[in-house]
Amino acid sequence: MSGSYSMYNVILLCTSGSETLSQKLVNSVYSSMDGQNLSWLCDDEAVCFDVEKKSTAHYEIWSQLQRIKIDMVFQKKENHFKSLLLADMDSTMIEQECIDELADMCGVGSEVKKITTRTMNGELGFHDALNERVSLLAQCPSSIVEQVLEKRITFRPGGKTLVSTMKANGAYTALVSGGFTSFSIPIGTNLGFDEQHANILVEENGVFTGKVAEPILGKNEKVNQLNRLVKERGLMHSDVLAVGDGANDLGMLAIAGIGVAMHAKPIVAEKCDIVINHCDLSSLLSVSNTHLRAHETKANLVCRLLLEKK
């Protein structure tokens, strides 16, 4: 390669208000990676530059940045803005696993949580594990979902900003969850997703039967939903931004133009090129080049923080 053209784009990200992404640090990383075309994306939270080739030294730089809670994204240089957002729900758009919280309030939390952890780590098959966990909810009142939503569920910071900014720039958004519609409908509506898909907990006379309606939405169905939306909207896989944290997200993360492992389980982080361990969901706007289209100034940063508190 020669001239100003570069093959790869490097993005450095830090959490809002942390001030860890100092000019001195950025200059040091930029110089050590032989960077070109340095550009700040979002006040003091995100900066990008170009490099002409990958190097084994880049992993050591990434490791050092991780120690001070700075995420580094390394991807091919292109117009990264995506027209379709697909997001997992549990431990991605929200900070909990709904089935764990539901089971805990039903008195079977420890049994269910053990199965959930093994499933998300890829140690158990999703379908069998889901059926086993749900069977433990038999005879629990379905009204308890409202209590879980009110008392146990919190949104991962940056989620509303991610969805609203993507939509403002013309993207379509879908929440695709291996969890349950009892949660995905109110959560998806609150976050502003255009559509949501999840499993249905069967209930009769106000109590859960301990069964899940077929077909079960797992890893393969998430891929199917991505393919359906791409076809319906006349897009390509390269137009998709997908984000998730568990083993059943790997399929959609692998085929999306940008697949992000968000605060993910080790098995997922190891298999994804883009891993966000420290920043919130709004950092994906910089990863997908959306901040260049809708740059966030200090004034609307205040608006974002107020929005996230609602």
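This is a predicted model: local features need pLDDT of at least 70, side-chain atom pairs count only at pLDDT 80 or more; totals for chains, interfaces and linings use all residues.
Where is the place of Thr181? Residues are numbered from 1 along each chain as its sequence is written, and side-chain values use heavy atoms, with hydrogens and water left out.

**View 1. Helices α5 and α6 side by side.** Here you're looking at α5 (residues 109–120) and α6 (residues 126–135), whose axes come within 10 Å and cross at roughly 170 degrees. That makes α5 roughly antiparallel to α6 (the label for angles over 145 degrees). The axes are lines fitted to C-alpha atoms, for helices over the stretch in contact, with angles running from 0 to 180 degrees between N-to-C directions. Helices are DSSP runs of H or I with at least four residues, strands are E runs of at least two, and both are numbered from the N terminus. From α5, the contact (heavy atoms within 4.5 Å) uses Val112, Ile115, Thr116, Thr119 and Met120. From α6, Phe126, Ala129, Glu132 and Arg133 join in. Sort these contact residues by type and you get 5 nonpolar, 2 polar and 2 charged. For that sorting, Ala, Val, Leu, Ile, Met, Phe, Trp, Tyr, Cys and Pro count as nonpolar, Asp, Glu, Lys and Arg as charged, and the others, Gly among them, as polar.

**View 2. The buried side of α5.** Which residues of α5 are buried? They are Gly109, Val112, Ile115, Thr116, Thr119 and Met120. Buried means under 20% relative accessible area, exposed means over 50%, and partly exposed is in between (1.4 Å probe, protein chains only). An α-helix has 3.6 residues a turn, so residues three or four places apart point the same way. The packing partners of α5's buried residues are α4 (98–105), α6 and α12 (266–269). Just past the end of α5, Gly122 has a positive phi of about 80 degrees.

View 3. Most residues other than glycine have a negative phi, and most peptide bonds are trans. Asn37, in strand β2 (residues 36–40), isn't a glycine, yet its phi is positive at about 60 degrees. With 43% relative accessibility, Asn37 counts as partly exposed. Asn205 also has a positive phi, near 55 degrees, and sits in the loop between β8 (201–204) and β9. At 82% relative accessibility, Asn205 counts as exposed. Then there's the cis peptide bond from Glu214 to Pro215, with omega near -5 degrees. Look for Pro215 in the loop between β9 (207–212) and α10 (219–232).

**View 4. Two residues of helix α9.** Back to our opening question: Thr181 is in helix α9 (residues 181–191). Its 17% relative accessibility makes Thr181 buried. Leaving aside residues up to four places away in sequence, Thr181 touches Pro186, Gln196, Ala198, Asn199 and Ile200. Asn190 is in helix α9 too, but at 39% relative accessibility it counts as partly exposed. With the sequence neighbours up to four places away left out, Asn190 touches Phe155 and Lys160. Asn190 and Asn277 are 87 residues apart in sequence, and their C-alpha atoms are 24 Å apart in space.

Terms used: Angles under 35 degrees count as roughly parallel, over 145 as roughly antiparallel, 65 to 115 as roughly perpendicular and the rest as oblique.
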